[in-house]
Amino acid sequence: FGLVRPLALGPVRRWTVAARAGSFVDQAAFFGGQRGIVGALALALRTGSATVAELGNDPDVTRVSMDLTLEGAGYVAANSPLPHGSPWAAVALLPGIRVGDPGSSQFTVLLGPTAFLGHRSAVKGFLGVRLELPLARRGGVP
């Protein structure tokens with residue numbers, strides 16, 4: 001879960017702060033397969049979106065656009081089976097394809113390299129899915 005806010009800093013148009021939680025699960029076990037838990041705090045900067053296509057008719061247009069996200073995250077884990085142990089950090093450069101109305105909800109698929117920095121460092125591929133929903137505004141029409 002996170003919060004996205006506008007930012008006007010050259011090509012950077014948004015900044016994000018997000019919290020993550022997850023678990024390590026041994027999927028070969030029917031019962032008692034949980035191996036550990038993980039939590040993270042992530043900070044990201046995102047460029048403006050470049051529109052690739054518009055689908056539908058006015059006023060209900062769905063835009064398909066692309067952007068670039070630079071993300072840094074710090075993780076802590078208990079009973080981590082990963083080789084970098086706990087805690088560790090990660091830095092990712094994530095191109096994204098965004099679908100939706102910029103004034104409403106949007107769905108984004110992110111795919112790019114992530115450098116994991118910890119006891120052992122490694123570069124891995126990252127595939128992420130992001131759903132953005134607008135917050136209600138005070139004093140406006142819902």
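Let's start with charge: the protein carries 13 positive and 8 negative charges, and their mean positions sit 11 Å apart. Here Lys and Arg count as positive and Asp and Glu as negative, with His and the chain ends not counted; each charge is placed at NZ of Lys, CZ of Arg, CG of Asp or CD of Glu.

Keep in mind that this is a predicted model, where local features need pLDDT of at least 70, side-chain atom pairs count only at pLDDT 80 or more, and totals for chains, interfaces and linings use all residues. Residues are numbered from 1 along each chain as its sequence is written, and side-chain values use heavy atoms, leaving out hydrogens and water.

Now for the overall build. You'll find 8 strands and 0 helices (DSSP runs numbered from the N terminus: E of at least two residues for strands, H or I of at least four for helices). The C-alpha atoms fill a box of roughly 50 × 35 × 30 Å along the principal axes. Of the 142 residues, 27% are buried, meaning under 20% relative accessible area, while exposed is over 50% and partly exposed lies in between (1.4 Å probe, protein chains only).

Next, have a look at the largest pocket, which holds about 1400 Å³ of space. Its lining has 44 residues, and those closest to its centre are Leu-3, Val-4, Arg-46, Glu-132 and Leu-133. Strands giving at least two residues each to this lining include β1 (2-9), β2 (12-25) and β8 (122-132). A pocket, on a 1 Å grid over the protein atoms alone, is an open set of points where a 1.4 Å probe fits, with protein on both sides within 12 Å along at least five of seven lines; lining residues have an atom within 4 Å of a point. Grid points are joined across faces, edges and corners, and the volume is the space filled by probe spheres set on them.

Two residues are worth a stop. Val-17 belongs to strand β2, and it counts as partly exposed because its relative accessibility is 27%. Beyond its neighbours within four places in sequence, Val-17 is in contact (heavy atoms within 4.5 Å) with Phe-1, Gly-2, Leu-3, Leu-41, Ala-42 and Leu-43. Ala-42 is 25 residues away along the chain, yet its C-alpha atom and that of Val-17 are separated by 5.7 Å.

Asn-79, for its part, lies in the loop between β5 and β6. Its phi is positive, about 60°, although Asn-79 is not a glycine. With 60% relative accessibility, Asn-79 counts as exposed.
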